[in-house]
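Please keep the sequence and the structure in view while reading.

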Amino acid sequence: MSASSPPTAALQASHLSVQLGHGRQTRPVLHDLQLSIRAGHWTSIAGPNGAGKSTLLRALAGLLPAQGSVHLLGRPLAHWPQRERARSLAWLAQGGCAELGADDLSVHDVALLGRLPHQGWLAAPGPADWAAVEQALRQTQAWDWRERAFGALSGGERQRVLLARLLAVQAQVLLMDEPLANLDPPHQADWLALVRELVAQGRTVVSVLHEISMALMADDLLLLQAGRIAYAGPAHDAAAHAALAAVFDQRLRIRPLDGRWVALLQ
Amino acid sequence: MQGAPGAQGPTQPRRATALGLGLTLAAALLGLLGLGVGSTGLEPLWRLLADPVAAQIVWDIRAPRTLGAWAAGALLGLAGAVAQGLFRNPLADPFLLGSASGASLAVALLLVGVGGSPFAAAWALQLGLTGAAFVGAVAAVLLTLALARGAQHTFRLLLAGVVVGMVLGALTALLTLMAPATLAAMQAFMLGSTGFIDWSAWALMASVGALCLGVGWALARVLDGLSLGEATAHSLGLPLGPLRAALVAVLALATGTAVAHTGLIAFVGLAAPHLVRALLKTTHARLLWLSSLMGGLLLLAADLLARGLLAPQEIPVGVLTAVLGGGYLLWLMHRRNA
């Protein structure tokens with residue numbers, strides 16, 4: 001990868017294996033994966049429960065001990081200084097299992113935590129921080145109730161605040177684990193528009209999605225089954241649809257509707 | 001960590017400042033009252049100061065004791081807020097990492113030693129109860145850290161703290177049982193007292209408190225980050241290992257200093273952050289300050305009652321904090337449910 005041209009792969013993994021648990025309960029979750037995620041595109045990770053989707057996302061974010069190597073923007077993850085890595089790659093925890101610890105913080109305080117990688121140790125937040133937080137909260141339509149306590153929000157509202165926290169990092173690469181959890185259909189549509197906007201700005205979005213119809217709207221699809229890659233390539237492709245049907249035991253049909261693909265249960 | 005105008009609503013900082021001022025003012029008023037309370041009950045301060053002997057008592061005994069109760073309470077309140085943030089558990093209290101049982105064991109050892117060989121007695125006098133309690137508290141936290149193999153895993157740290165607390169507690173009970181002469185002194189330590197605080201003790205507590213508050217305040221954003229979960233905090237680039245170690249150090253130092261001078265005072269560390277949160281939802285930067293002020297006020301009030309309720313008898317202050325703190329928490333819980 002030359003220094004002058006931006007890398008074509010935002011994330012690259014080779015021989016990536018992950019084991020979870022300790023001692024006798026150790027079990028392999030990801031087996032020797034090779035993958036490359038295109039920069040400036042939206043990649044969806046899909047697959048059955050327990051296929052290793054969230055684990056893969058965590059491994060790509062450097063949050064798990066893993067074998068093999070992960071390159072972020074052409075540079076091995078281990079070579080990134082922590083704070084610099086945190087400015088370039090933002091990770092959103094799996095929705096629905098929100099921690100209760102942040103209940104006392106205001107919506108604004110939670111979103112401001114996304115600016116931690118940008119702030120000096122004892123420095124107060126600067127104008128750039130305030131601007132980023134305002135923009136992020138407006139993008140997720142949470143600005144109007146920024147003073148409310150995080151603990152007093154509904155599940156969907158919390159999810160939007162956590163999404164704003166992610167956006168406030170202003171990272172080049174955004175990893176989102178089930179970002180649509182608890183979101184109602186209008187806010188799901190808003191999320192979709194947001195992702196398209198981010199990608200149009202040249203940013204890379206990787207999302208784990210349970211809704212196959214939503215996952216099919218991505219540029220690329222990464223299909224996992226039992227810790228192995230079942231398909232990796234364009235999402236709008238007959239091969240992708242066939243792989244999806246195979247992974248889900250042929251209980252899924254992919255059909256065109258209004259110019260897009262939808263997944264139907266059968 | 002102030003809100004920029006227009007960006008963050010101004011109500012939260014203003015309410016925090018008001019609460020802080022209110023707590024300080026209440027503590028100052030109670031402190032003035034505390035100078036007048038003695039074994040003869042409550043006397044007006046001006047009459048005491050007119051009499052040279054009484055003025056001497058006020059200056060040498062009551063003033064350091066009153067200020068000391070406030071400082072010890074502030075240390076416990078701060079430690080409680082740090083513990084609850086660090087362990088992301090509202091039930092966490094400053095004694096969680098074994099410091100209380102470590103201090104008790106050290107005091108028991110000292111008392112048994114004093115009753116035993118003359119050499120041990122000389123050594124014990126050199127160290128003093130205060131020194132022994134401090135060494136015991138810090139050693140117990142270090143033991144907990146060793147058993148948990150560092151501060152990396154919150155859950156392991158918590159479990160190791162419970163184990164250390166249990167084992168050291170059992171050893172203390174065994175020691176006291178074997179040397180019944182120490183029973184009364186041990187019991188007094190376990191119930192806590194502000195009666196032994198002199199000016200130097202107050203100065204020590206105040207400086208440790210200022211140091212811990214400063215470090216805690218600098219790490220407050222880490223506690224905020226941790227509230228989103230360890231993985232998210234890690235993804236935000238926080239070096240969790242060293243930061244957690246620094247927070248544990250603050251916790252151990254604040255708790256050890258308070259325990260060394262006042263014995264085991266229950267509930268202040270647990271209740272102070274809860275009371276603040278019931279009044280104001282805010283970030284850890286403000287919570288640490290306000291919990292310190294709240295803890296100081298609580299112990300000051302409890303100490304005043306302990307001295308005044310049954311004068312000339314004194315009730316151990318730990319009994320009062322347990323009864324009052326427990327009662328208030330219970331009331332708070334039911335009010336919230338209702």
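## Terms and model

Two strands pair if DSSP finds at least two bridges between them. Helices (H or I, at least four residues) and strands (E, at least two) are DSSP runs, numbered from the N terminus.

The model is predicted: local features need pLDDT of at least 70 and side-chain atom pairs count only at pLDDT 80 or more, while totals for chains, interfaces and linings use all residues. Residues are numbered from 1 along each chain as its sequence is written, and chains are lettered from A and ligands numbered from 1 in the order in which they are written.

In chain A, β1 (residues 9-20) and β2 (residues 27-38) are antiparallel and share eight bridges. Ala13(A) lies opposite Leu35(A) of β2(A). The two strands make a hairpin with six residues between them, and Gly21(A) in the turn has a positive phi of about 90°.

β1(A) also pairs with β4(A) (residues 67-72), again in the antiparallel sense, over five bridges. Here Gln12(A) has His71(A) as its bridge partner.

## The six-stranded sheet

Six strands of chain A form an open sheet with mixed pairing, in the order β6-β7-β8-β3-β9-β10. Its edge strands, β6 (89-92) and β10 (228-234) of chain A, each pair on one side only.

Four bridges link β6(A) to β7(A) (residues 173-177), and these two strands run parallel. Leu92(A) is opposite Met176(A) in β7(A).
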